[in-house]
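Here's a quick tour for anyone opening this structure for the first time. Keep the 3D view handy and follow along.

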Amino acid sequence: MRILLVLAHPLEDSFAAAVARTAREALEAAGHVVDLLDLYREDFDPRLSKAERGGYFDVPYDTSAVADIVARLKAADGLIFVFPQWWFNFPAILKGFFDRVFAPGVAFSHDAAGGRIVPQLTHIRLLYALTTTGSPWWLVRLYMGDPVRRLLKRGIAAFCSKGLNFRMLSLHDMDRATDAKRRAHLDRMRKLLSAIR
């Protein structure tokens with residue numbers, strides 16, 4: 001399987017970067033081809049431009065400003081996102097990635113009758129999120145309702161593909177996680193990714 005591995009963290013020595021390295025190693029050891037898209041290192045601009053928004057309903061929609069990334073997305077069989085959750089949401093650079101790259105004609109198309117969108121990423125067989133939160137699990141899940149999981153699973157995955165395998169693996173309470181807890185998380189992640197077929 002060809003996996004587009006998207007990393008969204010500004011620090012090269014972050015735990016998220018360690019997760020991405022470990023994920024890449026585990027996937028490649030299992031025989032998968034990995035295309036690492038490090039949004040910060042590749043200087044991705046998350047801002048949806050005036051022209052992009054103005055032409056949102058044009059057919060075809062102009063994705064020329066992100067054509068290279070669109071080509072990488074179209075070449076993938078699976079997507080794995082590595083990112084921290086900040087304020088119970090995506091980092092701005094990852095939100096901008098969805099805004100600019102998961103665009104009409106790429107991730108979905110508008111139903112000519114109006115109202116619905118039609119999935120276009122039907123070649124994507126899995127979408128995994130490997131993430132961390134500064135908050136404990138009960139605050140994220142019980143109080144906040146796990147907003148990132150809902151957005152990814154019910155929104156992005158459901159509206160852009162059909163029947164894909166969705167998984168989300170989170171290390172909660174990251175700010176107080178011990179080295180042992182971080183290593184255990186990486187081990188769980190290796191096991192999860194090694195099982196991908």
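How many salt bridges does the structure hold? There are 13 salt bridges in this model, which is a predicted one.

**The inside**
- The largest nonpolar core has 39 residues, and those with the most contacts inside it are Phe81, Leu94, Phe97, Phe102 and Leu152.
- Leaving out residues up to four places away in sequence, Phe97 touches Val6, Leu37, Leu39, Phe44, Ile69, Phe81 and Phe102.

**Helix H4**
- H4 is mostly covered, with seven of its 10 residues buried.
- Those buried residues are Ile93, Leu94, Gly96, Phe97, Phe98, Arg100 and Val101.
- They pack against E1, strand E2 (33-38), helix H2 (50-54), H3, E3 and H6.

**Strands E6 and E7**
- E6 and E7 run parallel, joined by seven bridges.
- In this pairing, Thr132 stands opposite Leu171 in E7.
- Five of the seven residues of E7 are buried, so the rest of the structure largely encloses this strand.

**Salt bridges worth a look**
- Asp38 and Arg41 form a salt bridge, with their closest N and O atoms 3.1 Å apart. Asp38 counts as buried, at 10% relative accessibility, while Arg41 is partly exposed, at 35%.
- Arg72 forms a salt bridge with Asp68, and here the closest N and O atoms are 3.7 Å apart. Because Arg72 and Asp68 are four residues apart in helix H3, about one helical turn separates them. Arg72 is buried at 15% relative accessibility, whereas Asp68 is exposed at 51%.
- Arg72 and Asp68 also belong to a network of salt bridges that links them with Asp35 and Glu42.
- Asp173 forms a salt bridge with Arg176, the closest N and O atoms being 2.4 Å apart. Asp173 is buried at 19% relative accessibility, and Arg176 is exposed at 56%.

**On the surface**
- Tyr40, Trp86 and Trp87 form a nonpolar patch on the surface, and together they have about 420 Å² of accessible area.
- Trp87 is found in the loop between E3 and H4.
- Trp87 counts as exposed because its relative accessibility is 82%, and the cut-off for exposed is over 50%.

Notes. Residues numbered from 1 in each chain as written. Predicted model: local features only at pLDDT ≥ 70, side-chain atom pairs only at ≥ 80, totals over all residues. Heavy atoms only, no water. Core = buried A, V, L, I, M, F, W, Y, C linked by side-chain atoms within 4.5 Å. Buried < 20%, exposed > 50% of the residue type's maximum accessible area, 1.4 Å probe, protein only. Contact = heavy atoms within 4.5 Å. Patch = residues over 30% accessible without salt bridge, like charges linked within 9 Å, V, L, I, M, F, W, Y side chains within 5 Å. Areas by Shrake-Rupley, 256 points an atom, 1.4 Å probe, with all protein chains shown as cover. Salt bridge = Lys/Arg side-chain N within 4 Å of Asp/Glu carboxyl O. Helix = DSSP H or I, 4+ residues; strand = E, 2+ residues; numbered from the N terminus. Pairing = 2+ DSSP bridges.
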